[in-house]
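Biologist: I would like to learn how to read a fold from its coordinates. Could we go through it together, one feature at a time?

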Amino acid sequence: MTSPRTVIVLAAGRGSRFGAGVHKLAQPFGDSSVLAATIANALASRLHVVVVTTERFSAIARDSVAARDVVILGEVGAGDAGATGMGVSIAAGVDASPDASGWLVLPGDMPLVQPTTLQAVARGLDEHPVVFAQHRGRRGHPVGFAAELYSELAALAGDEGARRLVARYPAFGIELGDPGVLLDIDTPGDLDAVRRDLHATQAAAAGSLRR
């Protein structure tokens, strides 16, 4: 029996561009952390969610999803370099949900991607093998892959991710009014900008409720 489409939250990267100290995924964001907020939005889409992460973030992941849906990889840079990277993370997420009817790849440092965006990309897989979210013509995340690409996704390795698949198959962009599809967090400045967007969104929502 085919299972629902699965959101693979990627949370196994080193995050070296953010600098020393607290990892970007553990940084406070709203009432939780960057990673927890990303997972919460994924769960709110009512799609199946698998989190691919490392031991340091396993507690955050297991607080949100069932233990069977948390895939633990080794730390990037530890041991065999071929056993880590984005490609390995995607393959691990796909392997953990082999009966899914498609997969959406969502970086764990994108806490503003809305549940309705994930739903829209998932629906796009009804007609296209590869679908990506875009905002004002700019390509963003998540990127969705149809079930027919299982073998190629499961064979990914290294840190290249799925770029070759996106280039090889007709990729369809879904234009969405969600600027969060473009907002990932690589640096402390990025985090400040994303926090400002969150506060602005919350303030606007509060204002509309008072009217």
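Modeller: We will take the sheet, then a helix, then the salt bridges. This is a predicted model, so local features need pLDDT of at least 70 and side-chain atom pairs count only at pLDDT 80 or more, while totals for chains, interfaces and linings use all residues. Residues are numbered from 1 along each chain as its sequence is written, and side-chain values use heavy atoms, with hydrogens and water left out.

Biologist: In what order do the strands form the sheet?

Modeller: In general, strands of a sheet pair through backbone hydrogen bonds, either parallel or antiparallel. Strands (E, at least two residues) and helices (H or I, at least four) are DSSP runs numbered from the N terminus, and two strands pair if DSSP finds at least two bridges between them. Here seven strands make an open, mixed sheet, ordered β5-β4-β1-β6-β8-β7-β9. Pairing on one side only makes β5 and β9 the edge strands. The twist from one strand to the next averages 25°, with axes being lines fitted to C-alpha atoms (for helices over the stretch in contact) and angles running from 0 to 180 degrees between N-to-C directions.

Biologist: Which strands does α3 touch as it packs on the sheet?

Modeller: Contact means heavy atoms within 4.5 Å. Helix α3 touches β1, β4, β5 and β6, and its direction makes about 145° with that of β1.

Biologist: How many residues of α3 are buried?

Modeller: Buried means under 20% relative accessible area, exposed over 50%, and partly exposed in between (1.4 Å probe, protein chains only). In α3 (residues 86-95), eight of the ten residues are buried, among them Gly87, Ile90 and Val94. Their cover includes helix α5 as well as β1, β4, β5 and β6.

Biologist: How many salt bridges are there?

Modeller: A salt bridge is a side-chain nitrogen of Lys or Arg within 4 Å of a carboxyl oxygen of Asp or Glu. That rule gives five salt bridges. In one of them, the closest N and O atoms of Arg17 and Asp186 are 3.2 Å apart. Arg17 is in the loop between β1 and β2 and Asp186 in the loop between β9 and α7, so this pair ties together parts 169 residues apart in sequence. Lys24 also bridges to Asp186, at 3.6 Å.

Biologist: Is Arg17 buried or exposed? And what about Lys24, buried or exposed?

Modeller: Arg17 is exposed, at 59% relative accessibility, whereas Lys24 is buried at 11%.
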